[in-house]
Amino acid sequence: MHKIIQLAPMRTASTLLANALYGMVKGWEDKPIQYVTGADRGRDVRSKPFHDHDIIKTHNHPPSMGHTNYMGGTGQDPDWWINNFPEYDIRFVCCERKGLDSSHLNPRDQTDRLDYGLLPKKYGDYENVYIMQYEDLIKPVEEFCGKLYKDMKEFLPMWELSLQGAVDRCNKMNARYEEIKDKPFTFLDKFYYIHGSHRGRGK
């Protein structure tokens, strides 16, 4: 059975990537983002969030930053999912951002390093891991989705994909953000999984 995990460090435009994926994969264009939190990973991911959804969004916490996850280990990168769910063929659609610091983390987890937004280098060699750079994600919607669609045709051959579906969903997400951008970050649109004041926070 096939699964897609959109996995990335925070502040890498991963919400945009997740919505593009949901719009692109036929049958998922009108479904809300299924976001698996740290608490889910440690508590009930084995029973509900992962098994009931073909596509999920989650964040990893790179071990290089010394940030511990919710299960007491260091990071939940692709290896964690592969080892815990060997019954699935999991494809990881990731993104990363160079030069990102850790100022948005809890003070106890902050460092002076600028690699928080990067995945461990070894995943660049995994056949089931695709990594898009932040610079490509912030291009105009049609250009970004066009590149993603071209790459996903090769990376996700088992899924029926729609370029227009991705473009439409991203445009609708952006329109919705305009409606909520002045709300506090605590406000959450659970369909697109975007917060008020979501963009432009810090560096």
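Helix α1 (residues 14-24) packs against helix α5 (residues 141-155) at an angle of about 60°, and their axes are 11 Å apart. Because of that angle, α1 counts as oblique to α5; angles under 35 degrees are called roughly parallel, over 145 roughly antiparallel, 65 to 115 roughly perpendicular, and the rest oblique. The axes are lines fitted to C-alpha atoms, for helices over the stretch in contact, with angles from 0 to 180 degrees between N-to-C directions. From α1, Leu 16, Leu 17, Ala 20, Leu 21 and Met 24 meet Phe 144, Cys 145, Leu 148, Tyr 149 and Met 152 of α5, where contact requires heavy atoms within 4.5 Å.

This is a predicted model, in which local features need pLDDT of at least 70, side-chain atom pairs count only at pLDDT 80 or more, and totals for chains, interfaces and linings use all residues. Residues are numbered from 1 along each chain as its sequence is written, and side-chain values use heavy atoms, with hydrogens and water left out.

The protein has 6 helices and 6 strands, taken as DSSP runs numbered from the N terminus (helices H or I, at least four residues; strands E, at least two). Their order along the sequence is β-α-α-β-α-β-β-α-α-α-β-β.

Among the strands, β1 (residues 2-8) pairs with β2 in the parallel sense over 5 bridges; pairing requires at least two DSSP bridges. Gln 6 stands opposite Lys 57 in β2. In β2 (residues 55-59), 5 of the 5 residues are buried, that is, under 20% relative accessible area with a 1.4 Å probe and protein chains only (exposed is over 50%, partly exposed in between). Ile 55, Lys 57 and His 59 lie on one side of β2, and Ile 56 and Thr 58 on the other.

Arg 169 belongs to helix α6 (residues 163-180). This arginine counts as buried because its relative accessibility is 3%. Its C-alpha atom is separated by 6.4 Å from that of Ala 20, 149 residues apart along the chain. Beyond its neighbours within four places in sequence, Arg 169 is in contact with residues including Tyr 22, Trp 28, Asp 30 and Phe 191. The side chain of Arg 169 also makes a polar contact with the side chain of Asn 19 at 2.9 Å (N or O atoms within 3.5 Å, one able to donate a hydrogen and the other to accept it within protein; residues adjacent in sequence count only if both atoms are side-chain atoms).
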